[in-house]
Amino acid sequence: MPREWADLFLTDAPGRATAVAVADVEGRERRRGLFRRLRENLSKTRQALGSEIQATLFAKLDEHTWERLEEALIMADVGASTTASVVERLETEVGEGTVNSGEALSERLIELLADTARNENDQIDIRAKPTVILAVGVNGTGKTTTIGKLAWHLQKELGVSVLLGAADTFRAAATEQLEGWAQRAGCEIVTGPEGSDPGSVAFDAVAQARSRDIDVVIVDTAGRLHTQDDLMGELAKVRRVIARQLEGAPHETLLTVDATTGQNGLRQAQVFSETAGVSGIVLTKLDGTARGGIALAIASELGLPVKLIGVGEQLEDLRPFDPEDFARALVS
Ligand SMILES: Nc1nc2c(ncn2[C@@H]2O[C@H](COP(=O)(O)OP(=O)(O)OP(=O)(O)O)[C@@H](O)[C@H]2O)c(=O)[nH]1
Ligand SMILES: [Mg+2]
């Protein structure tokens, strides 16, 4: 499962395993630091969920305990069906005597929650050159911000070259905003005039990446509601134009979902994935909500891999999603 940036991306770079083994001690330190930060980022959900769960799991286990646990998980937006299956399983295992209360029960809960969110397609394949990543989503969910952070991490952690395509031509301010991120991330950008065809900007960006030997192109798009059929159709057109420029592209379509929108995010993910070929979810603004359980609900109920999580507004506030780290940061 992805834990670090290098695990999230599938690359041709050799020798990765050796490098990781050599840096093991340093790696563990680093992971501990990252986990601490994740716990801080998720503090709102943890405060809401963690104390209730701990109170429940360490108390006498009876009918009432399981109800309280279910309520806490549902309040944190883990989702009704995911919650029901996890709690039922836990109850059964306690009944069979395989787990007892307290620490072991807490560990088992973390494991079960993490299991529901695992997905085998949880990597981002950047072996194609250039790899085209398309960012889509509802207005204000964090597409542009995520692109800036992703570009920065790709260059810094993997040393690949990145070019941004400003295909949100709907507002002039959108291009300016992406230009700001390109500057911060230290990468180049292809823009078009306000009101121009988003497909043609995407086409140009991919063409330039090809001629300039760039590794990864990330294309921004205008926000749209999943209920706006015409705008969803426009997205399909952007995809076709990109595919015409480069066979097999876009290789990755990332849907940003704002965690603070709760269960509506599930619906967005469903519709976008039906019409826009979503291959991964970026769950943003997890730092600002007490309902971070939505990450688990999306991953388990839609079967879509959550690949990245946004935990703030700065360049470094984007992380690969790790179900186990995530569940642990929420619960304990
Ligand atoms: N706290 C927090 N804020 C975030 C995060 N991601 C994005 N934001 C903020 O959310 C707001 C919207 O982000 P944008 O990146 O502009 O969203 P967008 O999807 O590109 O919006 P449109 O282009 O208008 O559709 C900005 O104020 C961001 O700073 C996050 O992970 N945490
Ligand atoms: Mg934007």
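Helix H5 gives the most to a patch of negative charge, contributing three residues, and this patch lies on the surface of what is a predicted model. The residues that gather there are Asp62, Glu63, Glu67, Glu71, Glu88 and Glu91. Two helices, H5 (63-75) and H6 (80-95), each supply at least two residues of the patch, while Asp62 sits in the loop between helix H4 (43-57) and H5. Asp62 counts as partly exposed, because its relative accessibility is 33%, a value that falls between the 20% and 50% limits.

Most residues other than glycine have a negative phi, and most peptide bonds are trans. Asp77, however, has a positive phi, near 70°, and with a relative accessible area of 3% this residue is buried. Asp213, which is likewise not a glycine, has a positive phi of about 65° and is found in the loop between helix H10 (198-211) and strand S6 (216-221). Asp213 is exposed, since its relative accessible area is 53% and exposed residues are those over 50%.

The bond from Lys129 to Pro130 is cis, with omega near -5°, and Pro130 belongs to the loop between strand S2 (124-125) and strand S3 (131-137).

Conventions:
Residues are numbered from 1 along each chain as its sequence is written. Chains are lettered from A and ligands numbered from 1 in the order in which they are written. This is a predicted model: local features need pLDDT of at least 70, side-chain atom pairs count only at pLDDT 80 or more; totals for chains, interfaces and linings use all residues. Side-chain values use heavy atoms; hydrogens and water are left out. Patches are made of residues with over 30% relative accessible area and no salt bridge: like charges are joined within 9 Å, nonpolar side chains (Val, Leu, Ile, Met, Phe, Trp, Tyr) within 5 Å. Accessible areas come from the Shrake-Rupley method with a 1.4 Å probe; for residues, only the protein chains shown count as cover. A salt bridge is a side-chain nitrogen of Lys or Arg within 4 Å of a carboxyl oxygen of Asp or Glu. Lys and Arg count as positive and Asp and Glu as negative; His and the chain ends are not counted. The place of a charge is taken as NZ of Lys, CZ of Arg, CG of Asp or CD of Glu. Helices (H or I, at least four residues) and strands (E, at least two) are DSSP runs, numbered from the N terminus. Buried means under 20% relative accessible area, exposed over 50%, partly exposed in between (1.4 Å probe, protein chains only).
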